Amino acid sequence: MTSLPAAPPSKKLGLVVDLDICVGCHACAVNCKEWNTSGHMAPLTDLDAYGADPNGVWFNRIHTFEVTDEATGASQTVHFPRSCLHCDDAPCVTVCPTGASYKRSDDGIVLVNADTCIGCKLCSWACPYGAREYDEHEGVMKKCTLCVDKIYNETLPEESRVPACVSTCPTGARHFGDLADPESDVSKLVATRQGFELMPEQGTKPVNRYLPLRPRQDDRDGTMSTPRTLDHVDDSADGAGLLARWVDRLLSA
Amino acid sequence: MGLNPFETVREAVDLSPEVADTVKTTTCYMCACRCGIKVHLKNGKVRYIEGNGDHPVNRGVLCAKGSAGIMNHYSPARLTKPLRRKGPRGSGEFEEIEWGEALDEAVEALGAVRATDPRKLAFFTGRDQSQSLTGWWATQFGTPNFAAHGGFCSVNMAAAGLYTLGGAFWEFGEPDWEHTRYFIMFGVAEDHDSNPIKIGLGTLKTRGDAKFVSVNPVQTGYSAIADEWIGIRPGTDGLFVLALVHELLKAEKFDTAFLARYTNAPWLVIQDPGAADDGLFVRDDDGNPLVFDTTSESVVASSGVGLKPALVGEHILIDGRKAAPVFHLLAHRYLKDEYAPEAVADRCGLDVEQIRRIAAELAEVAFEQEITLDISWTDWNGREHQTMTGRPVSFHGMRGISAHSNGFHTCRAIHLLQILLGSIDVPGGWRYKAPFPKPIPPSPKPETAPPQSGKPLAGPPIGNPTGPEDLVLDPDGSPGRIDKAYSWEHPMSIHGLMHMVIHNAWAEDPYPIDVLLLYMANMSWNSSMNVPDTIKYLTETDDNGAYVIPKIIYSDAYYSEMVPYADLILPDTTYLERWDCISLLDRPISSAHGPADAIRQPVCPPERDVRPFQDVLLDLGARLGLPGMVREDGTPKFPGGYADYMTNHERAPGIGPLAGWRGNGAEHGRGDPNPDQLQAYIDNGCFWQHQLTEEQQYYKPFNKAYLVFAQEMGFIPAAEPMILQIYSEPLQLFRLAARGHGQRKPPEEHRARVDTYFDPLPIWYMPFEEAGVDTNDLPLHALTQRPMHMYHSWGSQNAWLRQITNSNRLFIHPETADDLGIADDEWVWIESHLGRVKGQVKLMRGVNRQTVWTWNAIGKRRGAWGLDNDAPEAAKGFLLNHVISELLPVREGGYRHSNSDPVTGQAAWFDLRVKVYRCSPQEAGATEPMFEPMQERAPFRPADGVVRYGQEFNTS
């Protein structure tokens, strides 16, 4: 019911997340919470913080699961960070009855105006990614702002003007930039690594991209170039022949 | 808004709100990594903590723990005032007292001990980063009973490294992330060395030309992004590594030149079984080890210039006895079929082909992909090298190696493999971090002179023994220390045995103590083995109703499980409220690129009546009149507390806790105390770093330019080379004593043990618990690790992090669970030879099939940490500590050795063997054992349980 920008935003700011090197450390999630609980959508309320069911507002959550190869039985642990994908066709915006949920026309960031949000939760039903976070205490829907109050913040040094999840990521698995610009670092990274959209069949045209796992050099299929075994120079029992050979060669430097 | 009511409403977003009115740098303490942080403050409150981009440790990134620092800083469980126990120990009933009373009470107890028998003070610290202060304080007090937590952390790795390389993994070394092409991580738990390893792995994998192998029974965290995960059976890493050694030897894939020049591989070893010097190095009259020089065909000092020393072949010495080079002995041993992949694969739970292939890959990268850097350098005996050659294979090891009773030898085996590959401190290999390398082993030795009443010890209580004469024993040969460190039970326990202190103090074995002083150590909970009995030891009374451990003084910032067991609480500050130094005398923040140290500065004043423990310790020292802490007139020497000490204390002339900006402010390393030193640190982001020159970067133990620099800085006593000790003569000296030689010999009951385990070359043996229990009855290994977002974290309760993990499951392989008739989510008993604990199962494939594991230190006791009694941490969280014994099962002779490595005393908590079985339906739903709740103490907990941190900063 709320309209998207009439013309597509000239910039599409978003994140590129490298699943190949994400170790599931939660640094991005916690640093995000730390920045944003005092930021544009402050606070990121925590209910029952010291009790039986602690639960709070998080803009970014990490899911860890195992993928098993049915054929070989080999398993792979995958860490998957999940946050708002700032979709081009954001259903959370169009479903909003008050105009509180909106997409910025200049950079494509999807935000919620807390003053006009009535807490009806339609947007969280509409979002196929579960990326919305309802603050029960305030009756307001909250979500990733792409650190809109950090990335343009002139009171911060230039290098700090990236989303908190990106600047804090210890493995360098998170990247930020303009995905509308094919020459941007993030666009090139997506092109090189075959970055993919999450659930494209939903038709939401997410801006964020994920980079897939690189092929593992584990030689499960025996195709690596390195030798699979070393040639033993001598196979005499307990290496007696080798010792004798080395005495002959004096083995000195 | 336009005419269309559904048109997007434009909100006025403040894109440039003022984030902070002040930004202060300091050093994080949410775990042990010592990252640099920038703390953004607004109106005196913490607005945001981020990594310091200039800092050498974390280069701007910050982990989940560091990012959650705000919630620790404002924890509901912060202590507010000194406490004196009123109810029985464990009850949590205290009265608040003033600091004056608290200090008087402490001085009275400590003063009485010092005046009579100083060793009746046992002073042990946990994740303390001020060990150079605490150890010095113990020395001045005069007690040998001091150590930090290294005995249950990683002393096996530290000792193996220091006695082999003069450095060690983690603290004293790191992989050459920039150049390595093949990186193996052995038993490295989640998030160890948090940000440096994560930065390194990200770099290495993004570069795309390296392979990362993780040897670990569990495939989580770092292991999840490994190219190859080797899900080894716990405690068998040593066998796996020695099989790799076997393969490399068989194929003649080792670095002969490196071995001959930089290691003791050519040193001649006396082969005269039964003689008092059997197995020692052949030495000349000046004590120099000798080699057989193939050019002159004579036996000459190993330090000679231009030698071509033989690595194999026995020689007849002038006295007619036989001698053989170290390499000859090691080849003879590891070429044996018992080390072949076929012989070990089953035990390790691996395929023969996989072991063979890893050996082949190591050889390929080390010898076919060598790196050459165009950097000329001169080695210790004057050989000039135009380039630096690298064998780009690097390793890192941690707790999975360390926390086994065979961990010392396993870690030595890993170092042997590194040395054979020639990948120590070379481009692409494993590199030392200053002030390492140090002489092998480094000085000093532990002080052995008996303590005297009212006197300081003549030397430090902790050091590195090189033979039986360095043991700390009473005249009758019994242990001189309460933890039995440096006794025949664990002769090379260079970090002490904190895990035995409470048991031994209770058992009055080897003697009773009067005061137990603890800092930052949750010894009645997740930092002890065998929690139920530990609580008994802490609370047991004698016939007169007096506690067997008479006085317990404890310093902590939070209401942890340990607090109720102390008689006097000295409340500490949070890490944002204190001075600290991360010193080159202790555990600095150096990298392979150069030495570095750091400080913490108070960024917020404490709003409670608490004091930094280091200030309190110096104050107590002054009140007790300890040497070095008072002036001649008896007034305190450091009235300004720890900051004063950091600036003005000198350990040796010109050498103080901080290396940067000494003297006139332009001197580094050595120099007079500089009153403006701390300001200089603050101006530089709270750290100091010195970049080594290109020429000094590699080959440091043998690199003349580096050695001269290190000597000038005071890192090493002389610019002499550190020759890598494949064969460890100190081990052989202990073994000879066990064979009846020398002045000091172990008592009969320890002889066989010392003889067996003090092998001068690495060995593998079955972990003690596995060897001592019925493995048919207890068929599974059980491991613990902390999750990444809590690893190494002190103050282990946090409002944000507990939303990520607040209870722990027992992870089991589906096929193993199937065999046991256990389904996902079921509640089970986990039973060891000591007892049983109850928890809930989660199936996962990425785990060794003979192993179960869980997250450690999630479980909390009811009443502790400001949590509600029905918090999942208390209701469902369980500790394997409850079923890990601090003692081994009874062996021949009835003596129960501690559950530790026989060489180093490392607590062997990864040796745990268990059986797992379903509990009855009535038992499901809550963990057991369930201890009585402690009296609550949570002065800062919001009444409605709602935390709305940051709302006051919202300017939009």
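**Exercise 1. Is B:His649 buried or exposed, and why?**

Solution. Start with the count: B:His649 has 23 C-beta neighbours inside 10 Å, so it counts as buried. The cut-offs are these: a residue is buried if 20 or more other C-beta atoms lie within 10 Å of its own, exposed if 12 or fewer, and partly exposed in between, with C-beta atoms placed from the backbone.

Before going on, note the source. This is a predicted model, in which local features need pLDDT of at least 70 and side-chain atom pairs count only at pLDDT 80 or more, while totals for chains, interfaces and linings use all residues. Residues are numbered from 1 along each chain as its sequence is written, and chains are lettered from A and ligands numbered from 1 in the order in which they are written.

**Exercise 2. Where is B:His649 placed, and which residues does it touch?**

Solution. Step one: find the loop between helix H17 (641-648) and helix H18 (677-683) of chain B; B:His649 sits there. Helices (H or I, at least four residues) and strands (E, at least two) are DSSP runs, numbered from the N terminus. Step two: leave out residues up to four places away in sequence; B:His649 then touches B:Gly656 and B:Pro657. Contact means C-beta atoms, placed from the backbone, within 7 Å. Step three: compare with B:Val57. B:His649 and B:Val57 are 592 residues apart in sequence and 26 Å apart in space, C-alpha to C-alpha.

**Exercise 3. Which residues of H17(B) are buried, and what do they pack against?**

Solution. List the buried ones: B:Tyr642, B:Ala643, B:Tyr645, B:Met646 and B:Thr647. Their packing partners in chain B include helix H4 (131-141), helix H16 (613-623) and H18. Strands S26 (580-582) and S27 (596-600) of chain B are also among them.

**Exercise 4. Why does the radius of gyration of chain B agree with a compact globule?**

Solution. Take the 956 residues: a compact globule would have a radius near 30 Å, and chain B has 28 Å, which agrees. The radius is taken over C-alpha atoms, and the globule rule is 2.2 Å times the number of residues to the power 0.38. Next, burial: 63% of the 956 residues of chain B count as buried.

Terms used
Two residues are in contact if their C-beta atoms, placed from the backbone, lie within 7 Å.
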